[in-house]
Amino acid sequence: MFALAEKDRPVVQLLLSAGTCPRCVLRFCCVGSQMLYRHPDKDLLKDLQDFVKKDEGKEDTVGLDGADPPCKRMRHMEEGADGLNHNGALPEVPPGKDGNAAVESSAGGVCNVCLGILQEFCQADFVKKVCQKVHSADYQFSSFVFSVSLPPQLSVRERAAWLGLKQDMRNLGLTLEKDDIVQLKEAYKWIIHPQLSEELGVPADGKSLFEVSVVFAHPETDEECHFLATTCPDCFKPAKNKQSVFTRMAVIKALEKIKEEDFLKHFPCPPSSPKNPCDALEIQCNNGAVFVAGRYNKYSRNLPQTPWIIDGERKLESSVEELISEHLMAEFKADSFNFSSSGREDVDVRTLGNGRPFAMELVNPRRIHFTAEDMKRLQQAINSSSDKIQVRDLQLVTREAIGRMKEGEEEKTKTYSALIWTDKAIQREDIEFLDGIKELQLEQKTPLRVLHRRPLAVRSRRIHAMSAQLLDPHHFRLRLTTQAGTYIKEFVHGDFGRTKPNIGSLLNRTADILELDVESVDVDWPPTL
């Protein structure tokens, strides 16, 4: 049994007479029992009306059965130990705030504090409407987290109700701390969570990746918040993608700055009854991102890693990213994706060996439950769809695991095979000279070919080892093990002296690269399956 004490009677009377709904009355009485808020609105109103009609001289209580005890935040107004006045008796409620007035004011209409949030939007019909939206969106989920966005002026109305109470309670020798009032969002979730959980058949979980959100709006937001813009203009700045300057955070900031006397001049305390209730503007669902990783091989010399589009014009019809993503997007039914990899190769460079590690973030996926067999079938579907790429080790990973792909990327090594031409004939001694070079330090200015998208800088890179194979007097194949991030093409031809030393300067002749293959990317991730 949870009870309101006699010392709560003035709060109940003052709020009910102002047109406040029963659940907001409980909030301002600092009631922390979740179960009490879940009782029907009409039953709560009747009990509160009965409570204020009782003789004030008795220490009567009003209560409803509830399993939850009061939470820690529940504190009543205090004046001494018992909320009594200095004569030892309960203070009298000011004239005009009697029980009959309270009964008449709160018998119907939209709450002057929550604008109907704790009234019609707690009803079973609205819960079913939310759940219908969830079911029609066709998501896979095993739990949910519920979020709510409230009209900014609710903070204004709550402040007005508190100031109105504060003035009257001061006259009665009682106090009410603003921080003790139960937050509207908190009370709403206490009521709505069990209903949603029962209707959806899964538990509410604050850590769930599946979010159900409701955005409430009110047609009089700008009108009711306008006075704050005149008293605290520096709090309201036009923001991108915001239709109104009266955002929740801007309003809260202004309420923290405005003086109490200025607020009382511009806004009625307690707040007047609204013309309209809130609207449920949007009911949205969103699943947390899913991450897929693997390695890809690229066998084409005419395929970019990502879409090659210049000035809005597509240069090549496909890319590694698109060949992989089209299958993942279709299977996971995601809204969008973000592709990343351990480095990248040029459009005319093949990636061989064990392939290049990649990861893909799938945003707001409808399907999230995939077994190892499902992923294997998905990998086969990607590989059978094109002869330009192949993927391996396709698997689900965590967001944190993707960081391992980027960790120490520049300390990792990569192995390349390059077909090189020279203008002067190559001698056997030239091949032996290249084979003997170890840990060669390079200074590379940003290549001319990438200067349009990379900042100008000089980067130190290292060639760990080289081995050359003579093909004919003007062609040889060079195998290199390098520090990640080395520009191999520029190391061969010198990029007009921007890379020093280079193959041309080392052999004292003009050199150019005809073909380049990535043979290995030595990043031990993702795990081999």
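Arginine 9 lies over the face of phenylalanine 51, at 5.0 Å from the ring centre, and lysine 178 is placed over the face of tryptophan 162, at 6.0 Å from the ring centre; a charge sits over a ring if NZ of Lys or CZ of Arg is within 6 Å of the ring centre and within 35 degrees of the ring normal. This is a predicted model, in which local features need pLDDT of at least 70 and side-chain atom pairs count only at pLDDT 80 or more, while totals for chains, interfaces and linings use all residues. Residues are numbered from 1 along each chain as its sequence is written, and side-chain values use heavy atoms, with hydrogens and water left out.

The structure holds 15 aromatic pairs (rings of Phe, Tyr and Trp, the last by its six-membered ring, with centres within 6.5 Å; planes under 30 degrees apart count as stacked, over 60 as edge-to-face and the rest as tilted). The rings of phenylalanine 121 and phenylalanine 126 have centres 5.0 Å apart and planes at 80°, so this pair is edge-to-face. Both phenylalanine 121 and phenylalanine 126 are buried (under 20% relative accessible area, with exposed over 50% and partly exposed in between, for a 1.4 Å probe and protein chains only).

Methionine 375 belongs to helix α13 (residues 372–385), helices being DSSP runs of H or I with at least four residues, numbered from the N terminus. Methionine 375 is buried, at a relative accessible area of 3%. Beyond its neighbours within four places in sequence, methionine 375 is in contact (heavy atoms within 4.5 Å) with Val292, Phe332, Phe370, Leu394, Gln395 and Leu396.

Methods: Helices (H or I, at least four residues) and strands (E, at least two) are DSSP runs, numbered from the N terminus.
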